[in-house]
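I opened a new structure today and kept notes as I went.

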Amino acid sequence: MLARILRYHLLCMITPKVILITALPFIGNIFLVYSIYEDLIPVESIKATIFMFYFPINIKFDLFRLILILLPILLIIGSFINSEIKERSIYLLLQMKSFRLWFQSLIVASFFTILLYFIVGYVITYVLVLFLPENIVINKSMIPFQFLYTTNEWTLITHQFFLLILSVLLLVLLNIFFTFLINHTAFASLLTIICLAASITIGNNFPSILNFLPLTYGLFAFRELNGYSFIWSYTFLILSILVLYIFTFGIFMIRKESLFKIQ
């Protein structure tokens, strides 16, 4: 039964139209980076790809870039939850007879949607980087990012990709938590973005506590300020996801009757 409902959720979330739309933020991000940070972009194509997701170099500008990339995934999952609750899920629940299965399927489907979203994003970014002009001479006086330039490119892109996936999953879980708590997807997305912006601002002003802000673990520019280990990042992120999963499921079970208008 879980496999059937998961397949249904994935087919609703991941459509050809959604995949085409998700390409736009990544294309926009590339041209924003080239217009602002041209002198800092590494020559190597892999590291240039990494640089496109290297946040935050300039906190105000890069917060905009980060929201540009994150907003579509929040809207996709938020819109799906909204339509499920208001239009479709009562019929599924009658067939499944299990709120737990519905919730588990939602979280797993959200994870695979995030994974596909960033796979598409990284592939598009890498392909476009190959065709855009290379910066032959990097302005050495402007390079504060030794972590980026000295770390092996394959190690870096692997950790960046998976930590970004886990960080976004944590954000999506937070968004789902707020959605179930207040039953308003748009306001839930706003609260999620506020939490992200607050974490980035706090981390930028107080670098010593960055290793306790899991929402920033996928933002590699912060590793220049506080060199916490990858093991710490994965461990703390996974624990944070598990704790938030439990709280989100708890609020879902408390609020399920009012969410689904069950009399």
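My entries follow, grouped by topic.

**Entry 1: the model**

I noted at the start that this is a predicted model. I kept that in mind for every value below.

**Entry 2: H1 against H5**

I began with helix H1, residues 2-13. I looked up how its axis runs past that of H5. The two axes come within 9 Å and cross at roughly 45°. H1 and H5 are therefore oblique to each other. H1 passes H5 in a right-handed crossing.

Then I listed who touches whom. From H1 the contact takes Leu-2, Ile-5, Leu-6, His-9, Leu-10 and Met-13. From H5 it takes Leu-101, Trp-102, Gln-104, Ser-105, Leu-106, Val-108, Ala-109, Ser-110, Phe-112 and Thr-113. I sorted these residues by class: 11 are nonpolar, five are polar and none is charged.

**Entry 3: H2 against H5**

Next I turned to helix H2, residues 16-36, and its packing on H5, residues 99-131. The axes lie 9 Å apart, at an angle of about 45°. That makes H2 oblique to H5. I checked the hand of the crossing of H2 and H5, and it is right-handed.

On the H2 side I found Ile-19, Thr-22, Ala-23, Pro-25, Phe-26, Ile-27, Ile-30 and Tyr-34. They meet a set in H5 that includes Leu-116, Tyr-117, Val-120, Ile-124 and Leu-128. Gly-121 and Thr-125 of H5 also take part. The class count for H2 with H5 is 14 nonpolar, three polar and no charged residues.

**Entry 4: H5 against H9**

I then looked up H5 with helix H9, residues 230-259. What angle do the axes of H5 and H9 make where they cross? I read roughly 135°, with the axes coming within 11 Å. H5 and H9 are therefore oblique to each other. This crossing of H5 and H9 is right-handed.

In H5 the contact residues are Phe-99, Arg-100, Trp-102, Phe-103, Gln-104 and Ile-107. In H9 they are Tyr-245, Thr-248, Phe-249, Phe-252, Met-253 and Lys-256. I counted classes for H5 with H9 too: eight nonpolar, two polar and two charged.

**Entry 5: empty space**

I went on to the cavities. Rolling a probe the size of a water molecule over the atoms shows where empty space is left. How many cavities of 30 Å³ or more are there? I got two.

The largest cavity has a volume of about 70 Å³. Its lining is Ile-14, Val-18, Ile-19, Thr-22, Ile-73, Ile-76, Thr-113, Leu-116, Tyr-117 and Val-120. H2, helix H4 (59-96) and H5 each give at least two of the lining residues. The largest share, four residues, comes from H5. Eight lining residues of the largest cavity are nonpolar, two are polar and none is charged.

I wrote down its lining as Leu-66, Leu-70, Leu-164, Ser-167, Val-168, Leu-171, Leu-196, Leu-215, Gly-218 and Leu-219. The elements that give two or more residues to this lining are H4 and helix H7 (153-182). H7 has the largest share, with four residues. By class, the lining of the second largest cavity has eight nonpolar, two polar and no charged residues.

**Entry 6: backbone in the loops**

Last, I looked at the backbone. Most residues other than glycine have a negative phi, and most peptide bonds are trans. I found a departure from each pattern.

Is the peptide bond from Phe-55 to Pro-56 cis or trans? It is cis, with omega near -20°. Pro-56 is found in the loop between helix H3 (45-52) and H4.

The other case is Asn-183. Its phi is near 55°, a positive value in a residue other than glycine. I placed Asn-183 in the loop between H7 and helix H8 (185-205).

How values were computed. Residues are numbered from 1 along each chain as its sequence is written. This is a predicted model: local features need pLDDT of at least 70, side-chain atom pairs count only at pLDDT 80 or more; totals for chains, interfaces and linings use all residues. Side-chain values use heavy atoms; hydrogens and water are left out. Axes are lines fitted to C-alpha atoms, for helices over the stretch in contact, and angles run from 0 to 180 degrees between N-to-C directions. Angles under 35 degrees count as roughly parallel, over 145 as roughly antiparallel, 65 to 115 as roughly perpendicular and the rest as oblique. A crossing is left-handed if the near helix is turned anticlockwise from the far one by less than a right angle, and right-handed if clockwise. Contact means heavy atoms within 4.5 Å. Ala, Val, Leu, Ile, Met, Phe, Trp, Tyr, Cys and Pro count as nonpolar, Asp, Glu, Lys and Arg as charged, and the others, Gly among them, as polar. On a 1 Å grid over the protein atoms alone, a cavity is a set of points where a 1.4 Å probe fits but cannot get out, and a pocket is an open set with protein on both sides within 12 Å along at least five of seven lines; lining residues have an atom within 4 Å of a point. Grid points are joined across faces, edges and corners, and a volume is the space filled by probe spheres set on the points.
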